[in-house]
Amino acid sequence: MTNNTQMEFIFPPTIRGMKIKDETSLFPVGKIYCVGKNYAAHAKEMGSEVDKKEPFFFSKPPQALTQVNEIPYPSKTNNLHHEVELVVFLHKGGANVTRDQVDDLIYGYAVGVDLTKRDLQNEFKNAGKPWDLSKGFDYSGPISEISQNKAMLNNAKITLSVNGDIKQESNISMMEWDIASLISILSQQVTLKPGDVIFTGTPEGVGPLNKGDKVVAEIENVGSLNFKII
Ligand code: MN
């Protein structure tokens, strides 16, 4: 490997920056990991069960994260679903991190929605194909401002409403795998870096969004996210 400190990029690299509550600096986004089926009642509504042996992870590209308040209805779907999730932001990394060390890695939290093209996801699943693009399209990860909170968050109400009607309502204490477990287990498979982001799974009540819908997602002691589908 060459020493590349003297070399220049052929064009400037793109780094996504996310707003932090009460801060003028941005959070530089690295990799985004998402957990599937982390609440039993959601796994059940999907005709499945939580993974009790080990949590299941997938990824979204950094380009998915957004803090705009107007989300364009995406192409290639007629069944765009909302999944409200607690999102964790890391300011330190590591491999084989123990549960006790996880606290030190956490910078803060945000409220996020893992937007999903459910019809396309099912089509890919049934064909035995990877379903990345049903989860990893532009604007597929709207988040609130990041709230600095280094304490482990294991109990907080999580809700999502569409046009004022509550659709998802649970508590993050209902997660099968808590934050410490998720990050510790993930770090056995990948080296986590400062900037990495983890969507921790959605509770029950996922459902469709249509053009014009106004979404409000909230997590106690974290914040609130508002957006409109246009
Ligand atoms: Mn999800």
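Trainee: Which protein donors does the manganese ion have?
Mentor: A donor here is an N, O or S atom within 2.8 Å of the metal. In this predicted model, the donors are Glu-83 (OE), Glu-85 (OE) and Asp-114 (OD), lying 2.0 to 2.1 Å from the manganese ion. Water is not among the atoms, so the site may look incomplete.

Trainee: What spacing do the donors follow along the chain?
Mentor: The spacing is E-x1-E-x28-D. Glu-83 sits in the loop between β7 (80-82) and β8, and Asp-114 in the loop between β9 and β10 (116-117); 31 residues separate this pair, which links distant parts of the chain.

Trainee: Are Glu-83 and Asp-114 buried or exposed?
Mentor: Buried means under 20% relative accessible area. Both Glu-83 and Asp-114 are buried.

Trainee: What is the strand order in the open sheet of 6 strands?
Mentor: The order is β4-β3-β15-β8-β9-β12, and the pairing is mixed. β4 (56-60) and β12 (147-148) stand at the edges with a single partner strand each, so one side of each has no neighbour in the sheet.

Trainee: In which sense do β8 and β15 pair?
Mentor: Strand β8 (residues 84-90) pairs with strand β15 (residues 197-199) in the antiparallel sense, over 3 bridges. Val-87 has Phe-199 in β15 as its bridge partner. Helix α4 (residues 179-186) lies across β3 (32-36), β4, β8, β9 (106-113) and β15, at about 60° to β8.

Trainee: How many residues lie between β17 and β18 in their hairpin?
Mentor: There are 3, and Asn-221 in the turn has a positive phi of about 65°. β17 (residues 214-219) and β18 are antiparallel over 6 bridges. Strand β6 (residues 70-71) pairs with β18 (residues 223-229) in the parallel sense over 2 bridges.

Terms used
Residues are numbered from 1 along each chain as its sequence is written. This is a predicted model: local features need pLDDT of at least 70, side-chain atom pairs count only at pLDDT 80 or more; totals for chains, interfaces and linings use all residues. Side-chain values use heavy atoms; hydrogens and water are left out. Two strands pair if DSSP finds at least two bridges between them. Helices (H or I, at least four residues) and strands (E, at least two) are DSSP runs, numbered from the N terminus. Contact means heavy atoms within 4.5 Å. Axes are lines fitted to C-alpha atoms, for helices over the stretch in contact, and angles run from 0 to 180 degrees between N-to-C directions. Donors are N, O and S atoms within 2.8 Å of the metal (3.2 Å for Na, K and Ca); water is not among the atoms, so sites may look incomplete. Buried means under 20% relative accessible area, exposed over 50%, partly exposed in between (1.4 Å probe, protein chains only).
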